[in-house]
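Please give me a tour of this structure that I can follow in a viewer. Tell me what to select at each stop and what is there.

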Amino acid sequence: MLDAADILAASILIVDDQEVNVRLLEQILREAGYRRLTSTMDPYAVCDLHRTNRYDLILLDLEMPGRDGFQVMEALKEDEADADGYFPILVITAHPDHKLRALASGAKDFISKPFDLMEVRTRIHNMLEVRLLYKQLERQNRALESLALHDPLTGLPNRRLLMDRMTLGIAHAHRNRGNMAVVYLDLDGFKEINDTLGHDGGDALLKMVATRLVGAVRQEDTVARVGGDEFVIALAELSHGDDVEELVSKVLHAVSRPCSIQGCSVNVTASVGVSVYPVHGDNVETLMKSADLALYEAKGAGKNDYRISGLADL
């Protein structure tokens with residue numbers, strides 16, 4: 001929910017070619033407690049100002065020489081739509097017949113000239129309240145979407161987002177007749193470490209491993225946590241099978257570096273299984289299954305090791 005401080009902290013741009021009107025509106029708003037005020041008498045400067053500052057509200061005079069308020073609104077629309085699709089315009093006009101046209105052009109409300117102090121304050125307050133609630137809802141929706149697609153502990157993509165990224169990676173590799181790989185990673189002896197350090201220590205270790213994995217791969221690759229101490233890396237745009245070995249070796253080295261958890265030095269290693277498109281499958285499910293089987297082969301061979309199914313075929 002919003003409180004009065006949120007509304008008074010909103011950013012406002014005043015656009016009017018008459019200095020007396022600008023000063024009067026600034027005075028009204030400052031006396032009401034608004035702090036983030038910007039003004040211009042140049043209608044051609046509005047687009048650049050809004051692009052830079054993303055105002056919560058633009059008080060826009062309709063009658064200005066060179067470019068009137070209607071043209072400013074069109075320029076704002078053409079320049080670029082607001083990131084959240086909301087058009088924060090409150091027009092100022094002395095002509096009643098301009099009000100409907102302004103609303104049809106995208107304005108959200110209007111203020112009549114000459115100014116009525118109570119009308120100005122009320123309309124500005126009401127519009128800002130709606131605007132900020134809209135922004136708050138957008139932030140909440142983005143947060144919910146992020147939670148649905150990311151692991152809450154590490155912040156890494158979860159299985160759902162990984163599947164989407166892998167599907168795109170396969171499609172890209174197919175178009176370019178290239179390769180991509182799936183690296184399935186499981187920490188060796190994590191249960192014992194978790195039992196010794198407790199869940200807080202285990203969580204700290206998982207977050208540290210997640211950071212190391214992200215640092216060990218390329219920007220175009222995806223590191224995901226798919227459950228417990230299991231991570232999956234989608235390696236995109238591989239030009240040759242040898243790239244897989246080099247990247248997996250880098251990952252194993254990154255994980256095996258000693259780390260400090262709760263003042264204790266902890267050594268952790270990983271077992272890794274790898275599958276490569278299109279040799280081991282041409283869809284997400286098959287590649288994941290092949291990598292999982294290769295992981296169990298690596299675990300059977302000992303700690304801190306990896307297996308790539310069908311490596312001789314690459």
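Select Arg 54, the residue that follows H3, and check its phi, which is positive, near 50°. Helices here are DSSP runs of H or I with at least four residues, strands are runs of E with at least two, and both are numbered from the N terminus. The model is predicted, so local features need pLDDT of at least 70 and side-chain atom pairs count only at pLDDT 80 or more, while totals for chains, interfaces and linings use all residues. Residues are numbered from 1 along each chain as its sequence is written, and side-chain values use heavy atoms, with hydrogens and water left out.

Step back into H3 and select Val 46, Cys 47 and His 50, which are buried. Buried means under 20% relative accessible area, exposed means over 50%, and partly exposed is in between, with a 1.4 Å probe and protein chains only. These three residues are on the same side of H3, because they cover an arc of only 95° around the axis; the arc is that of the directions from the helix axis to the C-beta atoms. An α-helix has 3.6 residues a turn, so residues three or four places apart point the same way. Now show strand E1 (11-15), strand E2 (36-40), E3 and helix H4 (69-79): the buried residues of H3 pack against them.

Next, select Asp 56, in the loop between helix H3 (46-53) and strand E3 (57-61). Asp 56 is buried, at 5% relative accessible area. What does the side chain of Asp 56 reach at 2.9 Å? The answer is the backbone nitrogen of Ser 11. The Asp 56 side chain also makes a polar contact with the side chain of Lys 135, at 2.6 Å. A polar contact is a pair of N or O atoms within 3.5 Å; within protein, one must be able to donate a hydrogen and the other to accept it, and residues adjacent in sequence count only if both atoms are side-chain atoms.

For the rings, select Phe 70: Arg 101 lies over its face, 3.7 Å from the ring centre. Then select Phe 110, where the charged end of Arg 123 sits over the ring at 4.8 Å from its centre. A charge sits over a ring if NZ of Lys or CZ of Arg is within 6 Å of the ring centre and within 35 degrees of the ring normal.

Move on to the largest nonpolar core, which has 37 residues. Such a core is a set of buried Ala, Val, Leu, Ile, Met, Phe, Trp, Tyr and Cys residues joined through side-chain atoms within 4.5 Å. Leu 185, Leu 187, Leu 213, Val 255 and Val 274 have the most contacts inside the largest core. H8 gives the most to this core, with nine residues. A second, separate core of 21 residues includes Leu 59, Val 120, Met 127 and Leu 132.

The last stops concern the backbone. Most residues other than glycine have a negative phi, and most peptide bonds are trans. Select Pro 114, in the loop between strand E5 (109-112) and helix H6 (117-149); the bond to it from Lys 113 is cis, with omega near -5°. The bond from Tyr 277 to Pro 278 is also cis, with omega near 0°. Finish at Gln 262, in the loop between E9 and strand E10 (264-266). Gln 262 has a positive phi of about 55° and counts as exposed, at 52% relative accessibility.

Note on methods
Contact means heavy atoms within 4.5 Å.
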